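Good morning, and thank you for making time for this item. Please look at the chain on the screen while I go through its salt bridges, its sheet, its core and its surface.

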Amino acid sequence: MSGTRRARPSPGAAITSSPWIVVSIGVIVMVVLLVVALGAVRGRRTFAEPPPPDPTMSLPQVPVTTPSAPGATTRPPASAAGPVVPGLSPRSTVLPARPTPRPSPSAVSPSSRPAPPPPAPSPVTGRYGVVSSFDGGFVGEVRLVNTAATARGWTVRLAFPRGRLVAVWVSGAEQGDGRFTDGVLTYESGVDLAPGASVALQFHFERTGTTRPSSCAVDGATCSGL
């Protein structure tokens, strides 16, 4: 055997002798770089969705006013609407007229009512007098006269705030109905008094302090002789 060694081919000689290897390596390197570049771009760049547009608002149209001469009066446009009352439409609203309430008879004040006419004078007149007086009391009378052409009844009211009524009677005629309450004697005739006739209503009082009554009336008319 020969002791000589074979010379191994160097790497550069292999690449030089095979140019397609260099081309393949370059293509692979380019593909790797392209993949790396695409991955870097995707990782850095983000696409955000655009924000929604702001809601639009319609602004009222402001009438354009032109400067007027000094002293001139500015009038609102004919189409301008007046103030709107809550609950009513801006249009002209005509409300029905309310009926005027009429006051009821009970609502009329007493001062506005017409005064009643004065009563007609009674045809039976009365005259007050003292028949007799004594210590602590007296006997008096009211003499009644019927001036009418027909028979008439009568009522006597005699007031003595102080004192005590002992007795009351009609002298020489039919008796009537009498009562004494709160110092007032009221006596109504039993029978009507004939036309032109006269009768005396007599009474006995004690401790009155006076023989003059505070009031005396026949059918509402004041007695004479007081």
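I begin with Arg164, which is partly exposed, at a relative accessible area of 39%. On this scale, buried means under 20% relative accessible area, exposed means over 50%, and partly exposed lies in between, with a 1.4 Å probe and protein chains only. This is a predicted model, in which local features need pLDDT of at least 70 and side-chain atom pairs count only at pLDDT 80 or more, while totals for chains, interfaces and linings use all residues. Residues are numbered from 1 along each chain as its sequence is written, and side-chain values use heavy atoms, with hydrogens and water left out.

Which residue does the side chain of Arg164 meet in a salt bridge? The partner is Glu206, at 2.7 Å from N to O. The term salt bridge stands for a side-chain nitrogen of Lys or Arg within 4 Å of a carboxyl oxygen of Asp or Glu. Arg164 belongs to strand 4 and Glu206 to strand 7, so this pair ties together parts that are 42 residues apart in sequence. Glu206 also forms a salt bridge with Arg207, where the closest N and O atoms are 3.9 Å apart. Arg207 is exposed, with a relative accessible area of 55%.

The structure holds three salt bridges. One of them joins the side chains of Arg143 and Glu141, at 3.8 Å from N to O. Arg143 is partly exposed, with a relative accessible area of 37%, whereas Glu141 is buried, at 15%.

Let me turn to the overall fold. The chain has two helices and nine strands, and along the sequence these follow the pattern α-α-β-β-β-β-β-β-β-β-β. Helices (H or I, at least four residues) and strands (E, at least two) are DSSP runs, numbered from the N terminus.

Next, the sheet. Strands of a sheet pair through backbone hydrogen bonds, either parallel or antiparallel. Here, five strands form an open sheet in the order 5-6-3-8-9, with antiparallel pairing. Its edge strands are strand 5 (177-181) and strand 9 (221-222), each of which pairs on one side only. Two strands are taken to pair if DSSP finds at least two bridges between them.

Going across the sheet, strand 5 and strand 6 (residues 184-188) pair over five bridges in the antiparallel sense, and Gly178 stands opposite Tyr187 in strand 6. Strand 6 also pairs with strand 3 over five bridges, again antiparallel; there, Val184 is the bridge partner of Ala159. Strand 3 is joined to strand 8 (residues 215-218) by four bridges, and the two run antiparallel. Val156 has Val218 of strand 8 as its bridge partner, and Leu158 stands opposite Cys216 in strand 8. Finally, two bridges join strand 8 to strand 9, with Ala217 opposite Thr222. The hairpin of strand 8 and strand 9 has two residues between the strands, and Asp219 takes a positive phi near 55° in it.

Why is strand 3 described as largely enclosed by the rest of the structure? Four of the five residues of strand 3 (residues 155-159) are buried, and the description follows from that.

This brings me to the core. A nonpolar core is a set of buried Ala, Val, Leu, Ile, Met, Phe, Trp, Tyr and Cys residues joined through side-chain atoms within 4.5 Å. The largest one has 21 residues, of which Tyr128, Val142, Leu144, Trp154, Leu158, Phe203 and Val218 touch the most other members. Strand 7 gives the most to this core, with four residues. Leaving aside neighbours within four places in sequence, Val218 is in contact (heavy atoms within 4.5 Å) with residues including Val142, Leu144, Trp154 and Cys223.

I close with the surface. Val23, Val27, Val31 and Val35 form a nonpolar patch there, with about 350 Å² of accessible area together. Patches are made of residues with over 30% relative accessible area and no salt bridge, with like charges joined within 9 Å and nonpolar side chains (Val, Leu, Ile, Met, Phe, Trp, Tyr) within 5 Å. Accessible areas come from the Shrake-Rupley method with a 1.4 Å probe, and for residues only the protein chains shown count as cover. Val23 lies in helix 2 (residues 19-44) and is exposed, with a relative accessible area of 54%. Of the 226 residues of the chain, 19% count as buried.
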